[in-house]
Amino acid sequence: MTETLDGLRLSPLTDEDLELLLLVRHFELKLLELYGRGDLNGTTHTCLGQEYVPVALRSLLGPADHVFSNHRGHGHYLARFRDPHGLLAEIMGREGAVCGGVGGSQHIHRDRYMSTGVQGESMPVAAGVALHLKRSEPGALACVHIGDGTWGEGAVYEALNLAALWRLPLLVVVENNGIAQSTPTASQMAGTVADRAAAFGIPHRLVLSTDVNEIRLSLEREIARVREGQPLVVEFVTHRLGPHSKGDDIRPAEVVRAARDNDWYARYAHDHPEHFYRLDGVVKAEVEAVAGEVAARPLSRWEGPCA
Ligand SMILES: Cc1ncc(C[n+]2csc(CCOP(=O)(O)OP(=O)(O)O)c2C)c(N)n1
Ligand SMILES: [Mg+2]
């Protein structure tokens, strides 16, 4: 079954996929609530509306693959590790934090996963890791998530150049939510992501769907080719449901409405009410329990580099 913006139904998800989607959604909502109450310091960027991207990619990536995330990375982390305790503890600076509480929301390192709040920084690093994988672990790839606004960083092009030249197993996932902080993509990007990938001879795939199963089917073969040394840019046309960070949303009402109209959460509830309502409350309660438990822990201590 296909989902498109004209209203076809989303295909049914497995419990595992729906639970993960809901976990990310309720985790992010809980964070905004905690910040709103003044229970958290610093900043955060939620992936509300974009949760389906890492959930769809999850089954296409393996344990040997590296994932490089960005400032909007909670969904990437949760899809990889399903570890809301460790992530929330990291953000709250409590015991059990993934990086001892010094990385916070944006800077996390665990196994073959790393995030950074510095836009574009991860691209050359991911290209370097892809080179290493090509030489020493053929078949594995480096997957890097960047936003549309990050295409304004020169490092992106240096990495694409070498990825194409050296045929690196680099998967660039672009989450094009149409905006960078408060600047619409149309006001900051000349041409398109597709044109820019084409300039390096790198294939580009556009994903309009929010249907997890459909996305997987459409990308399966292309991602297998990445493993053989064919870099790929996959551009998700997606929507940022919430503010850029915590309360800084100055978008016109119709833009926010369009984001809501495309929200997988409301659409799945409409299309599969029995499945949705069987799990939604359960996962929400799980996140509530995680927040209560983590908040009650002692403060974290940093005892050297994280994993
Ligand atoms: C090098 C650098 N410049 C500026 C910033 C501040 N900043 C954080 S997120 C952001 C916008 C990013 O837009 P985009 O890449 O589209 O990702 P999105 O936030 O939409 O997910 C900016 C300018 C930064 N983190 N790093
Ligand atoms: Mg953006």
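What follows is a short chat about helix packing, a ligand shell and an annotated span in a predicted model.

Trainee: At what angle do H5 and H6 pack?
Mentor: Helix H5, residues 122-136, and helix H6, residues 154-165, pack at an angle of about 20°, and their axes are 8 Å apart. Because angles under 35 degrees count as roughly parallel, H5 is roughly parallel to H6.

Trainee: And which residues make that contact?
Mentor: From H5 the contact takes Met 123, Pro 124, Ala 126, Ala 127 and Ala 130, while H6 brings Ala 155, Val 156, Glu 158, Ala 159, Leu 162 and Ala 163. Sorted by class, the contact of H5 with H6 has 10 nonpolar residues, no polar ones and one charged.

Trainee: What about H1 and H3, at what angle do they cross?
Mentor: The axes of helix H1 (residues 15-36) and helix H3 (residues 74-81) cross at roughly 140° and come within 10 Å, which makes H1 oblique to H3. The contact is formed by Leu 20, Leu 23, Val 24, Phe 27 and Glu 28 of H1 together with His 74, Gly 75, Leu 78 and Ala 79 of H3.

Trainee: Left-handed or right-handed, that crossing of H1 and H3?
Mentor: H1 passes H3 in a right-handed crossing, whereas the crossing of H5 and H6 is left-handed.

Trainee: Switching to ligand 1, which residues come nearest?
Mentor: Of the 16 residues around ligand 1, the nearest are Gln 119, Gly 147, Gly 149, Thr 150 and Ala 180. The shell around ligand 1 divides into three nonpolar, nine polar and four charged residues.

Trainee: Last one, what does UniProt annotate for residues 23-270?
Mentor: The unreviewed UniProt entry annotates residues 23-270 as "domain: Dehydrogenase E1 component", and in the model that span is 43% helix and 15% strand, with its end C-alpha atoms 19 Å apart.

Note on methods:
Residues numbered from 1 in each chain as written. Chains lettered and ligands numbered in written order. Predicted model: local features only at pLDDT ≥ 70, side-chain atom pairs only at ≥ 80, totals over all residues. Near = placed C-beta within 6 Å. Nonpolar A, V, L, I, M, F, W, Y, C, P; charged D, E, K, R; others polar. Axes fitted to C-alpha atoms, helices over the stretch in contact; angles between N-to-C directions. Helix = DSSP H or I, 4+ residues; strand = E, 2+ residues; numbered from the N terminus. Parallel < 35°, antiparallel > 145°, perpendicular 65-115°, else oblique. Left-handed = near helix turned anticlockwise from the far one by under 90°. Contact = placed C-beta atoms within 7 Å. UniProt positions renumbered as here; feature names shortened; annotations may be inferred.
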